[in-house]
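Biologist: Before we discuss the terms used for this model, please show the sequence and the structure.

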Amino acid sequence: MSVELDVFVGNTTIMDEEVYQFWLDGYTVNDAVKVRMEGGVLEECEASAEVLRSDTMDQYRTFQMCERLLHSPAKLANQLLFQIPPHRQAMLIERYYTFDGVFVREVLGKKLSKGTKKDLDDVSAKTGVTLKSCRRQFDNFKRVFKVVEELKGPLVENIRQHFLLSDKLARDYAAIVFFANNRFETGKKKLHYLTFQDFAFCAGQLISNWTVGALDNMVEDMDFPVNNSLFSFSPYFFVYIVCTKAFNEMEANFKNLSRGLVNIAAKLTNTKDVRDFFIDLVEKFIEPCRSDKWTAGDMRLYLTHYTNSAHILDTFKHQVVWDRYMGVIKSCILKMYHD
């Protein structure tokens, strides 16, 4: 009885980036082989279909064995089982932790729990991302969250150092972690037009200006929760704004916008209300401006002058905090306002 064996011998581990992407995307071996054949790899390599399938299966096995190392990227550089050049290691790590924008948009702000993971079948059907890939991405989010929640120091830097990610990807993960921790509402219909990158930009603004770490880089959990004490000025500032002569002469819509902005700050003093921050920006400012056919330039001009108006109030003693608050508000509103 004869037995056929496929043997691959070599020093450097062979990894085809295209096949790796198929594996990450949740393709079966058969699907991956089909796509490779349609791409003309048989003619290019002068190989048979059997050899192509064998090669694909071998690489899939290699990726599966590497996966446990990718869960703790630093281990990949210190292991001896696979001879992988540094630049190839960086590629494996970066791609493994890369995620689909449409997928992360569906889970952004939700608790990274077993309950959410059970719903991934529906997310997969809605987004077109394979269930296997959805699970990998979700597990990556959860893994990063669990590691960095125990660490002191800047969130982005902790992610970059412990998972060896590029600066851009580390910042995206920081946004995911920040949203999961603060449980920001992102699923309401009025927010559906916003992309993950819109929210990621705003997360960066909040982390840099509104967290405890924005004021004191020596505290623990510095970049996780929004620092509610920053906004204790808002009820007093509202009195000044409403009673100031200059604002008495403004049109009704300007007064309503002013009231909306200060009310948003007032709600931020309550931890439970923080999660409504983005829906409040849309309902209290963006939608009224949109209905009045304001352009992004009109909004920028209004927000700039509105921020500067506090400086003419000599009795108001929270100028620095007000500028910090309005700086984030202005940046987020302009990012979220899609003409």
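**Terms and the values behind them**

Modeller: In the protein chain, residues 24 or more positions apart account for 68% of the contacts with a separation of 6 or more, where contact means heavy atoms within 4.5 Å. This is a predicted model, in which local features need pLDDT of at least 70 and side-chain atom pairs count only at pLDDT 80 or more, while totals for chains, interfaces and linings use all residues. Residues are numbered from 1 along each chain as its sequence is written, and side-chain values use heavy atoms, with hydrogens and water left out.

Biologist: How many helices and strands does the protein chain have?

Modeller: The protein chain has 20 helices and zero strands. Both are DSSP runs numbered from the N terminus: helices are H or I with at least four residues, and strands are E with at least two.

Biologist: What percentage of the residues in the protein chain is buried?

Modeller: Buried residues make up 44% of the 339 residues. Buried means under 20% relative accessible area, exposed means over 50%, and partly exposed lies in between (1.4 Å probe, protein chains only).

Biologist: Why is Thr116 called buried?

Modeller: Thr116 is called buried because its relative accessible area is 12%, and the limit for that term is under 20%. Thr116 has its place in helix 8 (residues 114–118). Leaving aside neighbours within four places in sequence, Thr116 is in contact with Lys110, Lys111 and Phe138.

Biologist: Why is helix 18 called oblique to helix 19?

Modeller: Helix 18 (residues 277–291) and helix 19 (residues 296–309) pack at an angle of about 135 degrees, and their axes are 11 Å apart. Therefore helix 18 is oblique to helix 19: angles under 35 degrees count as roughly parallel, over 145 as roughly antiparallel, 65 to 115 as roughly perpendicular and the rest as oblique. The axes are lines fitted to C-alpha atoms, for helices over the stretch in contact, and angles run from 0 to 180 degrees between N-to-C directions.

Biologist: Which residues of helix 18 and helix 19 meet, and how do they divide by class?

Modeller: Phe285, Ile286 and Cys289 in helix 18 meet Met299, Tyr302 and Leu303 in helix 19. By class, this contact of helix 18 with helix 19 has six nonpolar, no polar and no charged residues. Ala, Val, Leu, Ile, Met, Phe, Trp, Tyr, Cys and Pro count as nonpolar, Asp, Glu, Lys and Arg as charged, and the others, Gly among them, as polar.

Biologist: What makes helix 1 oblique to helix 2?

Modeller: Helix 1 and helix 2 (residues 29–38) pack at an angle of about 140 degrees, with axes 10 Å apart. That angle is why helix 1 is oblique to helix 2. In this pair, Glu18, Val19 and Phe22 of helix 1 meet Ala32, Val35 and Arg36 of helix 2. The contact of helix 1 with helix 2 divides into four nonpolar, no polar and two charged residues.

Biologist: How do you know that the span of helix 12 agrees with its number of residues?

Modeller: Helix 12 has 16 residues, which should span 22 Å at 1.5 Å a residue; its end C-alpha atoms are 22 Å apart, so the two agree. The expected span is 1.5 Å times one less than the number of residues.

Biologist: Why is helix 12 described as mostly covered?

Modeller: Twelve of the 16 residues of helix 12 are buried; among them are Leu169, Asp172, Tyr173 and Phe178. The buried residues of helix 12 pack against helix 6, helix 7 (101–107), helix 10, helix 11, helix 13 (196–209) and helix 18.

Biologist: Why is Lys168 called partly exposed?

Modeller: Lys168 lies in helix 12, and it is called partly exposed because its relative accessible area is 46%.

Biologist: Which terms apply to Arg183 and to Lys293?

Modeller: Arg183, in the loop between helix 12 and helix 13, has a phi near 55 degrees, a positive value in a residue other than glycine. With a relative accessible area of 34%, Arg183 is partly exposed. Lys293, in the loop between helix 18 and helix 19, has a positive phi of about 60 degrees although it is not a glycine. Lys293 is therefore classed as exposed on its relative accessible area of 70%.
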